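Visitor: I have a new structure to look at. Please walk me through it.

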Amino acid sequence: GKIEGVDVEIEFLTDQSGSRQDTVLEVQRGLHAEALRYVSILVENTLELVIDDVGTIQDGPPIIVQVPTPAAYIFQKGLSFTRRRDKQKASKDLYYIFDIMVRLTGIQDKMSADFETFSKKHAEWCRKFLSNLTTYFKSPASEGSLRIVEQRPADAFPGLDDDLLKHHAFGTLEQFILNLSR
């Protein structure tokens with residue numbers, strides 16, 4: 001649809017609970033939302049993002065949106081990628097986890113603090129998160145590293161061939177897992 005003359009696409013999500021598969025639910029009359037596991041993590045852990053470079057689209061004040069914190073995004077993706085029926089989407093989830101970790105190096109202390117909070121509030125989920133990552137990142141040749149290489153955009157990490165990227169992905173995730181396991 002359009003909001004103030006700007007084309008937008010809005011997808012509604014809601015938390016999935018219980019043992020049934022992820023599905024689309026009617027959350028109020030005429031409004032459907034895709035039910036996904038662990039969405040509460042994304043909703044409960046946000047930061048405000050100011051988008052101030054929209055001059056080509058509209059005049060006026062910047063757009064302010066709430067987005068998940070990087071740690072919440074990584075946590076949710078790390079919990080849910082193993083549940084994906086589409087292997088390519090699961091692989092993208094792993095790539096996004098890796099990409100955030102290597103690109104946002106200046107926020108490691110904040111991410112560590114966020115994961116410490118998650119471990120207290122969601123101890124069982126944290127064990128599952130670590131188990132998922134440990135299973136997929138046992139070595140540079142493990143499935144997780146290979147999936148990250150498969151998902152790399154053409155212009156990402158131009159100085160690394162596939163083998164070096166596998167090692168970089170493994171090393172990044174291995175260090176992250178070790179830090180969380182302490």
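Guide: One term to begin with: two residues are in contact when they have heavy atoms within 4.5 Å. This is a predicted model, where local features need pLDDT of at least 70 and side-chain atom pairs count only at pLDDT 80 or more, while totals for chains, interfaces and linings use all residues. Residues are numbered from 1 along each chain as its sequence is written, and side-chain values use heavy atoms, with hydrogens and water left out.

Visitor: Ok, what does Thr23 touch?

Guide: Not counting residues up to four places away in sequence, Thr23 touches Gln16, Ala33, Glu34 and Ala35. Take Ala33: Thr23 is 10 residues from Ala33 in sequence, and their C-alpha atoms are 8.5 Å apart in space.

Visitor: Which strand is Thr23 in?

Guide: Strand β4, residues 23-28. Strands (E, at least two residues) and helices (H or I, at least four) are DSSP runs, numbered from the N terminus.

Visitor: And is Thr23 buried, exposed or partly exposed?

Guide: Thr23 is partly exposed, as its relative accessible area is 30%. Buried means under 20%, exposed means over 50%, and partly exposed is in between, using a 1.4 Å probe and protein chains only.

Visitor: Zooming out, how many helices and strands are there?

Guide: The protein has 7 helices and 7 strands. Along the sequence the pattern runs β-β-β-β-β-α-β-β-α-α-α-α-α-α.

Visitor: What does the C-alpha trace span?

Guide: About 50 × 40 × 30 Å along the principal axes. Of the 182 residues, 36% count as buried. Among contacts between residues at least 6 apart in sequence, 53% join residues at least 24 apart.

Visitor: Pick a helix, then. Which residues of α6 are buried?

Guide: Gly144, Ser145, Arg147, Ile148, Val149 and Gln151. The buried residues of α6 pack against α3, α5 and α7.

Visitor: What about Gln151, what is it in contact with?

Guide: Leaving aside neighbours within four places in sequence, Gln151 is in contact with Gln88, Ser91, Lys92 and Tyr95. Gln151 counts as buried because its relative accessibility is 17%.

Visitor: Different topic. How many salt bridges does the structure hold?

Guide: It holds 9. A salt bridge here is a side-chain nitrogen of Lys or Arg within 4 Å of a carboxyl oxygen of Asp or Glu.

Visitor: Show me one.

Guide: Glu44 and Lys121 form one through their side chains, at 3.2 Å from N to O. Glu44 is in helix α1 and Lys121 in helix α4, so the pair ties together parts 77 residues apart in sequence. Glu44 is partly exposed at 45% relative accessibility, whereas Lys121 is exposed at 56%.

Visitor: Last topic, pockets. Which residues lie nearest the centre of the largest pocket?

Guide: Glu11, Leu13, Leu36, Lys77 and Arg84, out of 26 lining residues. Two or more lining residues come from each of β5 (31-36), α1 (39-44), β7 (63-68), α2 (70-80) and α3 (87-103).

Visitor: What counts as a pocket?

Guide: On a 1 Å grid over the protein atoms alone, a pocket is an open set of points where a 1.4 Å probe fits, with protein on both sides within 12 Å along at least five of seven lines. Lining residues have an atom within 4 Å of a point.

Visitor: And in the second largest pocket, which element gives the most to the lining?

Guide: Helix α4, with 7 residues. That pocket is lined by 18 residues, and Ser112, Phe115, Phe176, Asn179 and Leu180 lie nearest its centre.
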